[in-house]
Amino acid sequence: MQSPASNGENLEPRRRGLDVALLLLVALFALGLRLSDLAVRPMHADEANQAVKLGAMLEGGTYRFDPRDHHGPTLYYFGLLPARLRGETTLAALTETTVRLTPALAGVAAVALLWWLVRPLGRWPAFMAALLLAVSPAAVYYSRYFIQESLLVMFTLGALACGQVWWRKGGWHWAVATGVAGGLMLATKASALPYGVAALLALTCCGRKWREGKITGLWAAVAAGTALLVAVAFYSSFGSNPGGLRDAAGTPWAMLGRVAGGESGHEKPWWYYAGLFIFQRNGGYLWDQTVFWLPALLGCVIAWRRPGLP
């Protein structure tokens, strides 16, 4: 007769297999939504602006950070790979499909990272979180758009997922992984800095629960140093443009001054973007994402009332 212990050991591989199967199913679905007919929609001016920067790198082999509305360099460096694999080595040769492959694949990676982040709460919460991100209209749209946002989401989720494992298990490798993801966030957009501040503020709300983790001051310093090194490498064009560091350091303050002075070109009331995300009607077309933001709001309430969750 089989012992309960051996029966549990037999079940564990099946559970892991089911987890992998569910994740692959959602990832393939997300991939299909993001890759289908990538070239159909005409290029937006913002995408063309980024494509010109990528074309300059392909033709000249160099990159210099421009702090005026071009954001960070990761989009261009990561965009080099699909362009070269598809044999497109000039700006004129670049196609809509090639440039949009980078955010599309980043969007799929974000789905997998969200699954990993939520996995400690259980298989089905992780599955549903990944599925909702996979089919979210906003997430799908921006994953098919050659700008920095999808990469920023991917790196942010990567930093949170690695940081969670680091908090639970400790170890220098998870500290370094968290730092790498954080550095890539900084090298993607200057607006990543408020993300980090928001994360630190959230940690202060965890109280005793935060102190139960295995993150030490030494490895926190290692993570911060790693993040800084990664950001420095990208903004300095891997040492070929040291002046990019000066420009990158001043970018957040310049952006803040433009927004405060009403000169950014994106001035909107505080409720504008919330209204776009929740509900709007444009002519006869209804855009409603209640199914996405309502569970998120409910999750915030549950997390606040049940701080003992993993």
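This is a predicted model: local features need pLDDT of at least 70, side-chain atom pairs count only at pLDDT 80 or more; totals for chains, interfaces and linings use all residues.
Student: What is the chain built from, in helices and strands?

Tutor: The protein chain has 14 helices and two strands. Consider also the contacts between residues at least 6 apart in sequence: 72% of them join residues at least 24 apart.

Student: Back to Tyr 77, then. How many aromatic pairs are there in the whole structure?

Tutor: A search of the whole structure finds twelve aromatic pairs. In one of them, the ring centres of Tyr 77 and Phe 238 lie 5.3 Å apart and the planes meet at 80 degrees, so the pair is edge-to-face. Tyr 77 belongs to helix H3 (residues 74-85), while Phe 238 sits in the loop between helix H11 (217-235) and helix H12 (243-260), so that this pair links distant parts of the chain, 161 residues apart.

Student: Why give both a distance and an angle?

Tutor: A pair of aromatic rings is described by the distance of the centres and the angle of the planes.

Student: Is Phe 238 buried or exposed?

Tutor: Phe 238 counts as exposed, with 52% relative accessibility. The cut-off for that word is over 50%.

Student: Which residues do the ring pairs link into a cluster?

Tutor: The cluster consists of Tyr 63, Tyr 76, Tyr 77, Phe 234 and Phe 238.

Student: New topic: how many salt bridges does the structure hold?

Tutor: The structure holds seven salt bridges. In general, side chains of opposite charge can pair when their charged atoms come close. One of the bridges joins Arg 119 to Asp 19, with the closest N and O atoms 2.7 Å apart. Arg 119 lies in the loop between helix H4 (96-118) and helix H5 (123-135) and Asp 19 lies in helix H1, so the pair ties together parts that are 100 residues apart in sequence.

Student: How far apart are the closest N and O atoms of Arg 100 and Glu 47?

Tutor: In the salt bridge between Arg 100 and Glu 47, the closest N and O atoms are 2.9 Å apart. Arg 100 is in helix H4 and Glu 47 in helix H2, and the pair links distant parts of the chain, 53 residues apart. Both Arg 100 and Glu 47 are buried.

Student: Which residue forms a salt bridge with Arg 86?

Tutor: The partner of Arg 86 is Glu 88, and their closest N and O atoms are 3.7 Å apart. Arg 86 is partly exposed, with a relative accessible area of 43%, whereas Glu 88 is buried at 7%. Elsewhere, salt bridges that share partners join Asp 19, Arg 119 and Arg 123 into one network.

Student: You mentioned helix H2. Is Ala 51, which sits there, buried or exposed?

Tutor: Helix H2 spans residues 45-60 and includes Ala 51. Ala 51 has 9% relative accessibility, so it counts as buried. Apart from its neighbours within four places in sequence, Ala 51 is in contact with Met 43, Leu 91, Leu 94 and Phe 146.

Student: Last one: how many residues of H7 are buried?

Tutor: In H7, 16 of the 21 residues are buried, so the helix is mostly covered. Helix H7 (residues 149-169) reaches 30 Å from its first C-alpha to its last, close to the 30 Å expected at 1.5 Å a residue. Just after H7, Gly 170 takes a positive phi of about 75 degrees.

Key: Residues are numbered from 1 along each chain as its sequence is written. Side-chain values use heavy atoms; hydrogens and water are left out. Helices (H or I, at least four residues) and strands (E, at least two) are DSSP runs, numbered from the N terminus. Buried means under 20% relative accessible area, exposed over 50%, partly exposed in between (1.4 Å probe, protein chains only). Contact means heavy atoms within 4.5 Å. A salt bridge is a side-chain nitrogen of Lys or Arg within 4 Å of a carboxyl oxygen of Asp or Glu. Rings of Phe, Tyr and Trp (its six-membered ring) pair if their centres lie within 6.5 Å; planes under 30 degrees apart count as stacked, over 60 as edge-to-face and the rest as tilted. The expected span of a helix is 1.5 Å times one less than its number of residues.
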